[in-house]
Amino acid sequence: MIFLRHPRPDVDAGVCYGRLDLDIHADGHDQIKSAVETTPPVAHIVASPALRCRALTLALADRHGIEPVFDERLWEMNMGDWEGLPWRDIPRDRSEEWLKDPVNLPCPNGECFADLQLRVLEAIGELEGETAIVCHAGPIRAVQMAWEGLTFREAFAQAPPYAEPIRLTPPTN
């Protein structure tokens, strides 16, 4: 399967924006053009319905003559009360408590990473054939953890690049 993170979103650095529905930054159009040129042929395209995923999804679909499917389960992690806030404005004691175990501890009025991973794996478990999945960094990391055996820390050591194809292969049983 080919995973692509959305193009760079139009948001200030340091803002927590999990489910915040952002459009792409001006340089995102160049990222889309590059992604369309470098993504190998696919038979299916499934994507997060987030605005920042749509332009890339539609460009890939147009290139391959495919009708894309938008799946709510591919959204980024719900950061709850922290959505749209600069990280520096989130009470440090609350964020530090959450960071002790973000896999199992939900953000206030949000979700934990295990919840994200469960819904993403459910969504991609239904896919067949050569498929492009346009989504967010969190879902890509969740798949890397499940399929490649990465720890949370390893998966978060480096962010997936914007709008570049990443081939991930499901484990064989």
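Predicted model: local features only at pLDDT ≥ 70, side-chain atom pairs only at ≥ 80, totals over all residues.
The largest nonpolar core has 27 residues, and the members that touch the most others are Phe3, Leu74, Ile124 and Ile133. At least two residues of this core come from each of α4 (113–125), β4 (131–135) and α5 (137–148). The surroundings of isoleucine 133 show how separate parts of the sequence meet at one side chain. With neighbours within four places in sequence left aside, isoleucine 133 is in contact with Met1, Ile2, Phe3, Leu4, Val46, Leu74, Ile124 and Leu127. Another core, of 19 residues, lies apart from the largest one, and Ile2, Ile24, Ala47 and Trp75 are among its members.

Helix α5 is mostly covered, with ten of its twelve residues buried. These buried residues are Ala137, Gly138, Pro139, Ile140, Arg141, Ala142, Val143, Gln144, Met145 and Trp147. The elements against which the buried residues of α5 pack are β1 (2–5), α4, β4, α6 (152–155) and β5 (166–167). The length of α5 can be checked against expectation. After α5 comes glycine 149, which has a positive phi, near 75 degrees.

On the α4 side, the contact is made by Phe113, Leu116, Gln117, Val120, Leu121 and Ile124. On the α5 side, Gly138, Pro139, Arg141, Ala142, Val143, Met145, Ala146 and Trp147 take part. Of these residues, Ile124 is also one of the core members that touch the most others.

The count of salt bridges in the model comes to nine. In one of them, the side chains of aspartate 27 and arginine 8 meet at 2.8 Å, N to O. Both residues lie in the loop between β1 and α1 (28–38), so the pair ties together parts that are 19 residues apart in sequence. Aspartate 27 has a relative accessible area of 28% and is partly exposed. Arginine 8, with a relative accessible area of 31%, is also partly exposed.

A further salt bridge joins arginine 19 and glutamate 111, whose closest N and O atoms are 4.0 Å apart. This pair links distant parts of the chain, 92 residues apart: arginine 19 is in the loop between β1 and α1, and glutamate 111 is in the loop between α3 (92–99) and α4. The two partners fall into separate accessibility classes. Arginine 19 counts as partly exposed because its relative accessibility is 29%, whereas glutamate 111 is buried, with a relative accessible area of 10%. The cut-off that separates these classes is 20% relative accessible area, under which a residue is buried.

Arginine 73 and glutamate 122 also form a salt bridge through their side chains (3.0 Å, N to O). Arginine 73 belongs to the loop between β3 (69–70) and α3, and glutamate 122 to helix α4, so this pair ties together parts that are 49 residues apart in sequence. Glutamate 122 is partly exposed, and its relative accessible area is 45%. Through salt bridges that share partners, Asp71, Arg73, Glu122 and Glu126 are joined into one network.

Asparagine 109 is not a glycine, yet its phi is positive, at about 60 degrees. Asparagine 109 is placed in the loop between α3 and α4, and at 65% relative accessibility it counts as exposed. Alanine 163, likewise not a glycine, has a positive phi of about 50 degrees. Its location is the loop between α6 and β5. Alanine 163 counts as buried, with a relative accessibility of 2%.

Lysine 33 and alanine 163 are 130 residues apart along the chain, but their C-alpha atoms are separated by 9.2 Å. Lysine 33 belongs to helix α1 and counts as exposed at 56% relative accessibility, whereas alanine 163 counts as buried.

Notes: Residues numbered from 1 in each chain as written. Heavy atoms only, no water. Core = buried A, V, L, I, M, F, W, Y, C linked by side-chain atoms within 4.5 Å. Buried < 20%, exposed > 50% of the residue type's maximum accessible area, 1.4 Å probe, protein only. Helix = DSSP H or I, 4+ residues; strand = E, 2+ residues; numbered from the N terminus. Contact = heavy atoms within 4.5 Å.
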